[in-house]
Amino acid sequence: MKILILGLGLNGGGASAARYFAGKATVRISDISPRETFGPLADEMEKLGITCFFSDKDPKDNIKWADVVIKNPAIPNKLPQLALAKSIKNDFSYLFSSPLIKNIKLILVTGTKGKSTTVSAINHALNKMGHSSLYCGNIGISAFITLDELESRNKKGEKMPEYIVAEMSSWQIHDTYVGLNGIMPQTELTILTSLYRDHQNSYQSLNAYYDDKLILINEKCKRILINYKTKLYVINHTHGLKKKIKVFPSLFNPYIGNKMELICSYNALKLLGFKKDEIILALSSYKGIPHRIEQVAIKNDIMFINDSSATISEAVTFSTKTLYPLSYHLICGGTDKDIKANGMLSACKGATSVILLNGSFTRDKLLPMLENNNIKYYGPYDDLPSAFYQAVENAELKKNHTANMQVVILSPGAASFEMFKNEFDRGDSFRSLVGQYVSHV
């Protein structure tokens, strides 16, 4: 078997595929980026015996060579050379094709925002309640890692998990559908957390983006849970599924107006048959995930929150609402991905100070919105340290004036690529700056 991994990527997906197939097949990697982009990761791939083609601007020959192309979600589906592939797969198409998942209950989660927290919180609660669960997907763990774990357990005669909870982006859903020839897996529960305008720099239209999300909402879903705001759209774009569809939040959801990020998780667990008290107890120990409303530190009555994965404007408003009634200093802005800034207008209005990171979104969308609404701002700054220390200065000044807790939050509402490798690199940089500040004051 000849396997081509098209797109090594910087977030681990391509590397996980390479590690999975190393020793099982002849593997090549093709990536448009130069070798130095990947540093030690490139060394690791080559030590595994994998032939790497970096700066590969035309992967035609490698695609023709391969029996199977494992496509990174970031590779556009309209790439002309893909027409030469004998077979195109992704990590989920391999996981869902495995006989090892036959008796495992699948919980699949998609949506524009809220996916990662929902997956993480459900997985945490299931394990806390004594039901073995693994999670994977767009949350940062390749389905190849999960498949490898299942194969390892099977080989050792160990018990399989009861649940797999997976976060799936629109691109992953599309690629899985293609890789499975349109035959999607049976699911115990399928969740749509939200639908907002996003990725319009990659999709031809908003409906095309929504359509990829809705591939998950199908007749093979035992239960379907969606945000009440999306109900009309979902029902109008799916057929014969109305009886299976439930909405959140329910009337008696205990997290409404408090821990907003747990609203969906609670209703999902209720829908799975768990009792209110055991769900609340299990979720009470959930601490969140990195880069999503992540409390990094508190020092001298200043709280630092890393929300770098807020890459659309509505996510900023969602995150800042969780801070009420605290005074917050918002670091935002970055690279445009063809979305509007209006979704973060209320967050900017509610901020004690707004500090801008430079970038195409900041210049073209965010600045005009702020100026049209007479919202004062600092910057735009060409680097994160300058923005960070301006925010800290503002927080210290306000704290001294009011003697109240202040919050410095990085919640960009935009992509990161003009300054950073990705949103995780941006969040790590913020954490590092917080560490330096905390250790010197």
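A: Contact here means heavy atoms within 4.5 Å. This is a predicted model, where local features need pLDDT of at least 70, side-chain atom pairs count only at pLDDT 80 or more, and totals for chains, interfaces and linings use all residues. Residues are numbered from 1 along each chain as its sequence is written, and side-chain values use heavy atoms, with hydrogens and water left out.

Q: OK, what does serine 133 touch, leaving out residues up to four places away in sequence?
A: Asn123, Leu126, Asn127, Pro161, Tyr163 and Val165.

Q: And is serine 133 buried or exposed?
A: Buried, at 6% relative accessibility (buried is under 20% relative accessible area, exposed over 50%, partly exposed in between, with a 1.4 Å probe and protein chains only).

Q: Switching to rings: how many aromatic pairs are there?
A: The count is 15. Rings of Phe, Tyr and Trp (its six-membered ring) pair if their centres lie within 6.5 Å; planes under 30 degrees apart are stacked, over 60 edge-to-face, the rest tilted.

Q: Why is the pair of phenylalanine 21 and phenylalanine 144 edge-to-face?
A: Because their planes sit at 75°, with the ring centres 5.4 Å apart. Phenylalanine 21 is buried at 7% relative accessible area, and phenylalanine 144 is buried at 2%.

Q: Which residues form an aromatic cluster?
A: Phe304, Phe388, Tyr389, Phe430 and Tyr437 form one.

Q: Last one: what lies over the face of tyrosine 20?
A: Lysine 24, at 3.5 Å from the ring centre. The rule wants NZ of Lys or CZ of Arg within 6 Å of the ring centre and within 35 degrees of the ring normal.
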